[in-house]
Amino acid sequence: MMKLSRSLLSSRSQLSEKLLAGEANYVRDGLKSHVLISQAGMSTTGHDVSAKGSLGGRIFAPYYVYKGKAAFSVDPVLPTFMKLDSGDLKVKRKGVILLTFAPAIGERKYDWAKKQHFALSPTEVGSLLTMGPRDSSEFFHDPAMLSSNAGQMRKSLSIKANADGFFISLNVANNILKTNERFVVPVSTAEFAVMKTACSV
């Protein structure tokens, strides 16, 4: 049993090194190590993690969904780290999944200058990942919660199931500017599956 355990640890370690170096080219390596890929993508203890949060030179691209009245993107923002005198790294800012919404201004045209952001925390991402085809979720943020402007702006993100997938809507109420913006994007079951997969990696 000890030999088997050591053998598994050794093969997992070798595969982790391949994954972090970008050398895992075989489908079978990827299939055997779905869990390992997730761990490698989320690990903050490896020697390849830089202070800026990059992992072994990996680049993460946003996923866009364009619809008639609005569009949005799903973009992973890696955590940032500060280097301690001991040489160890400490989390300076936690990573998030950044949702960016923009209103449509014509056919296949969107005004990204009027974009609004909603940053999903790791726990909120967990809620999204565990959603079933008939589930709904709602998240509330106050961007100025710890300042004197607390309560002046409120953001709410709603994900509600429908017959063809989900409605994802963002409502931004700004009491300072006296504005209330709302973005609603219908998302197909396939698009939502891509979102969940992107968030899980």
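I begin with a helix pair: Val 125, Leu 128 and Leu 129 of α4 meet Phe 192, Met 195, Lys 196, Cys 199 and Ser 200 of α5. By class, this contact comprises six nonpolar residues, one polar and one charged. Here Ala, Val, Leu, Ile, Met, Phe, Trp, Tyr, Cys and Pro count as nonpolar, Asp, Glu, Lys and Arg as charged, and the others, Gly among them, as polar. Contact means heavy atoms within 4.5 Å.

This is a predicted model, in which local features need pLDDT of at least 70 and side-chain atom pairs count only at pLDDT 80 or more, while totals for chains, interfaces and linings use all residues. Residues are numbered from 1 along each chain as its sequence is written, and side-chain values use heavy atoms, with hydrogens and water left out.

Helix α4 covers residues 122–129 and helix α5 residues 189–200; they pack at an angle of about 140 degrees, with their axes 10 Å apart. Therefore α4 is oblique to α5. Angles under 35 degrees count as roughly parallel, over 145 as roughly antiparallel, 65 to 115 as roughly perpendicular, and the rest as oblique. Axes are lines fitted to C-alpha atoms, for helices over the stretch in contact, and angles run from 0 to 180 degrees between N-to-C directions.

In total, the protein has five helices and 11 strands. These are DSSP runs numbered from the N terminus: helices are H or I of at least four residues, and strands are E of at least two.

Which residues have the most contacts inside the largest nonpolar core? They are Phe 72, Phe 101, Leu 120, Leu 157, Ile 168 and Phe 192, in a core of 25 residues. The largest share, four residues, comes from β10. Such a core is a set of buried Ala, Val, Leu, Ile, Met, Phe, Trp, Tyr and Cys residues joined through side-chain atoms within 4.5 Å. Leaving aside neighbours within four places in sequence, Leu 120 is in contact with residues including Val 125, Leu 128 and Leu 157.

Finally, two loops. Arg 108 lies between β5 and β6, and its phi is near 60 degrees, a positive value in a residue other than glycine. Lys 178, between β10 and β11, also has a positive phi of about 60 degrees. Arg 108 is exposed at 77% relative accessibility, and Lys 178 is exposed at 72%. Buried means under 20% relative accessible area, exposed over 50%, and partly exposed in between, with a 1.4 Å probe and protein chains only.
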